[in-house]
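Hi there,

Have a look at it first, then read on.

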Amino acid sequence: MESLINYFENISSLHRGLILAGGITLFWIIENLSPLHSFRYKKWNHAGINIFFTITTLIVNFTLAGLLLWSANFAYTNNWGLLNFIPEMPVFGYTLIGLLLLDLVGAYFAHWIQHRIPFLWRFHIIHHTDPYIDTTTANRHHPGESIIRFLCTILAILIAGTPMWLVFLYQSLSVVFSQFNHANIQLPKKLDDLISYFIVSPDMHKVHHHYVLPYTDTNYGNIFSIWDRIFGTFSKLPNSEIVYGVDTHQKTQYHSDIVTMLKIPFKNFKK
């Protein structure tokens, strides 16, 4: 564990970028070998759109990185946050609790409020307009949503009191797990069901991308599936019945024209 802590205490931007690119590459290869759906689409064009939004997310994150460092340093210096009130325990237990707290506030809660608050939904909807869910969809976020998620990450750090190495570890895991559960891959059904009791599996998350309610408002988890089960937002739907997209924005320009997509939050519509 000590070597892991040292690595993430000093992880470079290059290594963080390699983790993101490596995850996309890995799951891109797997979904070509064993796809869940045989999409009739131009895979490279689709990837180009989603990579554009990945780049805007990276720009937002690097621009605001100072706030992330400040919040972690503040929590550490002032013994702020829940982790500072738990009994002393092995590093593995401390790490697991920290990851759970970051996932609850920085991912599950951030995702939940974007579905519940109409103004925030305007930005999040770009993630849902994708009619071809694959590993590149994981990082398809409007720049406005990237800011919202970043602020929720800061809130999670202050509530949990996590040191910076744990934040970097969580962010790295979050990227890879999100790429995994968005990937257009087909796992054996029993295996998918089994892992869904612990982490968000591909079949579990695909339900969230079904185009109509109530399924769109379920399965908010990112890494750990426990939060959906605890808060009653877990649901199932056979893959054969899932239709990707969102019912209010099904025209082609809403999922394939970047300029139109960037303007969506500023148009008048109802969820």
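**What turned up**

Pro-143 is found in helix α7 (helices are DSSP runs of H or I with at least four residues, numbered from the N terminus). This is a predicted model, so local features need pLDDT of at least 70 and side-chain atom pairs count only at pLDDT 80 or more, while totals for chains, interfaces and linings use all residues. Residues are numbered from 1 along each chain as its sequence is written, and side-chain values use heavy atoms, with hydrogens and water left out.

Back to Pro-143: with a relative accessible area of 22%, Pro-143 is partly exposed (buried is under 20%, exposed over 50%, partly exposed in between, with a 1.4 Å probe and protein chains only). Beyond its neighbours within four places in sequence, Pro-143 is in contact with Phe-53, Thr-56, Val-60 and Leu-262 (contact means heavy atoms within 4.5 Å).

Helix α3 covers residues 43–63. Among its buried residues are Phe-53, Thr-56 and Val-60, and what covers the buried residues of α3 includes α2, α6, α7, α12 and α13.

On to the charged pairs. A salt bridge here is a side-chain nitrogen of Lys or Arg within 4 Å of a carboxyl oxygen of Asp or Glu, and the count comes to six. Here are three of them:

- Glu-31 pairs with Lys-43, their closest N and O atoms being 2.9 Å apart. Glu-31 lies in helix α2 and Lys-43 in helix α3, so the pair ties together parts that are 12 residues apart in sequence. Both residues are buried.
- Asp-130 and Arg-140 meet at 3.4 Å, N to O. Both lie in the loop between α6 and α7, so this pair ties together parts that are 10 residues apart in sequence. Asp-130 is buried at 0% relative accessible area, and Arg-140 is buried at 0% too.
- Arg-149 and Glu-145 meet at 2.7 Å, N to O. Both are in helix α7, four residues apart, or about one turn of the helix. Glu-145 counts as buried, at 0% relative accessibility.

Salt bridges that share partners also join Glu-31, Lys-43 and Asp-134 into one network.

Finally, Thr-162 sits in the loop between α7 and α8. Thr-162 is buried, with 0% relative accessibility. Not counting residues up to four places away in sequence, Thr-162 touches Ala-72, Leu-83, Gly-98, Leu-102, Ile-157 and Val-167.

Best wishes

Terms used:
Helix = DSSP H or I, 4+ residues; strand = E, 2+ residues; numbered from the N terminus. Expected span 1.5 Å × (residues − 1).
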